[in-house]
Amino acid sequence: MGNYWHSVILDKDYCNGCTYCLDRCPTQAIRIIDGKAKIINERCIDCGECLKVCPYKAKGAQVDGLEMLEKYKFNIALPSISLYGQFPRNYDINKLFNCFYKLGFDFVYDVAYASDLLVSRQLKKIRTGGLTKPLISTFCPAVVRLIQLKYPSLIDHIIPLETPMEVAARVVRQEVMEKTGFDYEEIGVFYITECPAKITSIKKPVGIEKSYIDGALSIEALYAKLMRAYDELESDRHIETVQKASGNGIGWGKVGGQSIAMGIENYMAVDGVEEVMKVLDKLESGRITDVDFIEAYSCVTGCVGGPLNVENPFIAKTRIRQLSSQYPQEVDVSQYEDLPDAFFEWNKEIEPVQVMKLDADIKVALQKMTKIEEIIQQLPGIDCGACGAPTCRALAEDIVMNRASIERCVVRGKINKK
Amino acid sequence: MENISFNEEGSLMKLEYDVLKEDFSRAGEASSKIKKVLMQLGIDSKVIRRIAIATYEAEINVAIHSNGGKVFVLVKDAKIEVLIEDVGPGIENVDLAMTEGYSTATQEARNLGFGAGMGLPNMKRCSDEFFIDSKLGAYTKVKLVMNL
């Protein structure tokens, strides 16, 4: 596992070398080389935009398979909150959670309940002084990585709290260890994920040394199996009550859910990576001053719009909203009130990821910048992507960084500059 | 009133952007581009943020109050200089304009959320050195220096 491990991958066999993903990538992490898309690992934030836009389904995420369960004596499934919105309303959520037993898991835990545990901790961080406001939620790991990469001056704004999946893993692992007597290593904790960036957070976390989660399986890959298991549930089977989150906890599955759960007024909820970047730009320019908390999601509609989900994001979001108002708005969390704040917090500094820098030496960087401007003058400026770089400027940068040559530009001289 | 000179001697790089009168749809573009370039140069993110805030304020100021102008950035050895110059009405009372909350912005600009009277004071706050020169009915020039 290199320094820049990330989960989004490309299946070369399906890639047709078109420019959809090239154009969509928010960090310009993709180049088309020899007719195939290639991801620049250190720039990828695993937002999954390329997965969503690829017409040939050539992009995927590195996920684990069910065979991973064989490695452990006791396996726990942590279905993502967005699972609540993935099946039609006539599906009973507890029956659905119980289907994970049929897939080989020994225990299922409701991640939305971990959101309930986080609400008061998050509120405390927002209300106590000392932190740079507005605080930015860590719930979307792609946004955290976007900030590390493109908005390092905003790192201070990131609220140093764990996400529901990690809190769920900590709580459930402890409880299962006490109940069953199994050791830490004998228990496998698996996140059932909608999101490639969350897989990266498990394998290469930010803010903590090591995740309490051992692997991730995608909702997409388990969807049909879950449906089948649901149909085959024995009519006399005892259905264990797994669902224990409040409506507010479930609401975390969609954009705005965190702020609604906390009952705060001065918040901003933004979804879709393009819009998130505009908001971060405004924040960096000092234009957002009257807001305490920002929940920003790379995916449109929030986590429920995650690329490894199956259902249409807006249909799923509607279901989450409906379910969220159907369940009680508060649940008993008193059992966890004594847990120390540290249990919920990040304990590692969030470092900037300086991959945009042209050179470590500013003098050399300046020379390279001058060269880039010179090369741009020779390029057509239409950002067609035929060279394999997303923009003419990106090609100029690649040329200066010795990653490409100007011959890559096939329209040079054929289109007159305006 | 200080006479602002923009000395390009010792400049390692010069950036130049146009700001158009009342063009709120593009206000902020120069600030964004400057930010990107400075990041690529590896300038400290805290300095970049101050420059981003100051240049954004400057762009808005030029768009609201003048007939258009330019934003220049000079990268020097140990500092970054930003010069904003516009053609327009100038500032009648610079001391007043430097007062937080004082604004002569039109209702239109205020409706867009601008004109809170924080522009110049904010630019000053973001810089290590601040110079302003304005001639009534002619121009306004502001120079900011950020030490590296």
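Which residues of α12(A) are buried? In α12(A), the buried residues are Pro313(A), Ala316(A), Lys317(A), Arg319(A), Ile320(A), Arg321(A), Leu323(A) and Ser324(A). Here a residue counts as buried if 20 or more other C-beta atoms lie within 10 Å of its own, as exposed if 12 or fewer do, and as partly exposed in between, with C-beta atoms placed from the backbone. Helices (H or I, at least four residues) and strands (E, at least two) are DSSP runs, numbered from the N terminus.

Before going further, a word on what you are looking at. This is a predicted model, in which local features need pLDDT of at least 70 and side-chain atom pairs count only at pLDDT 80 or more, while totals for chains, interfaces and linings use all residues. Residues are numbered from 1 along each chain as its sequence is written, and chains are lettered from A and ligands numbered from 1 in the order in which they are written.

Let us stay with α12 for a moment. This helix of chain A covers residues 313–326, and its 14 residues should span 20 Å at 1.5 Å a residue; the end C-alpha atoms are 20 Å apart, which agrees. The expected span of a helix is 1.5 Å times one less than its number of residues. The cover over the buried residues of α12(A) includes α9 (247–251) of chain A.

Now step back to chain A as a whole. Its domain assignment gives domain 1 (1–61), domain 2 (66–344) and domain 3 (357–418); such bounds come from an automatic or database domain assignment. Taken over C-alpha atoms, the centres of domain 2 of chain A and domain 3 of chain A are 41 Å apart.

Two open sheets of chain A come next. One has four strands in the order β6-β5-β8-β9, with parallel pairing; two strands pair if DSSP finds at least two bridges between them. At the edges are β6 and β9 (215–218) of chain A, each of which pairs on one side only. β9(A) pairs with β8(A) in the parallel sense over four bridges, and Tyr191(A) has Ala216(A) as its bridge partner in β9(A). Helix α8 (residues 219–232) of chain A packs on this sheet, touching β8 and β9 of chain A, and its direction makes about 60 degrees with that of β9(A). Axes are lines fitted to C-alpha atoms, for helices over the stretch in contact, and angles run from 0 to 180 degrees between N-to-C directions.

The other sheet has three strands, ordered β7-β11-β10 in chain A and paired in parallel. Its edge strands are β7 (135–136) and β10 (267–271) of chain A. Five bridges join β10(A) to β11 (residues 293–297) of chain A in the parallel sense, and Val270(A) stands opposite Ala296(A) in β11(A). Helix α11 (residues 273–284) of chain A packs on the sheet, with its direction at about 140 degrees to that of β10(A). Lys278(A) lies in this helix, α11 of chain A, and is partly exposed, with 14 other C-beta atoms within 10 Å.

Helix α6 (residues 164–180) of chain A is also worth a visit: its 17 residues reach 23 Å from first C-alpha to last, close to the 24 Å expected. Its buried residues, including Met165(A), Val172(A) and Val176(A), pack against β5 (74–79), β6 (107–108), α4 (111–127), β8 (187–193) and α7 (196–203) of chain A. After α6(A) comes Gly181(A), with a positive phi near 85 degrees.

Some backbone details deserve a look too. Most residues other than glycine have a negative phi, and most peptide bonds are trans. A cis peptide bond joins Lys133(A) and Pro134(A), with omega about -5 degrees. Asp46(A) has a positive phi of about 60 degrees although it is not a glycine, and with 28 C-beta neighbours inside 10 Å it counts as buried.

Finally, where do the chains meet? In all, 19 residues of chain B are in contact with 18 residues of chain A, contact being C-beta atoms, placed from the backbone, within 7 Å. On chain B's side, α1 (29–41) and α2 (45–65) of chain B each supply at least two residues, and α2(B) gives the most, with seven residues.

Note on methods: Contact = placed C-beta atoms within 7 Å.
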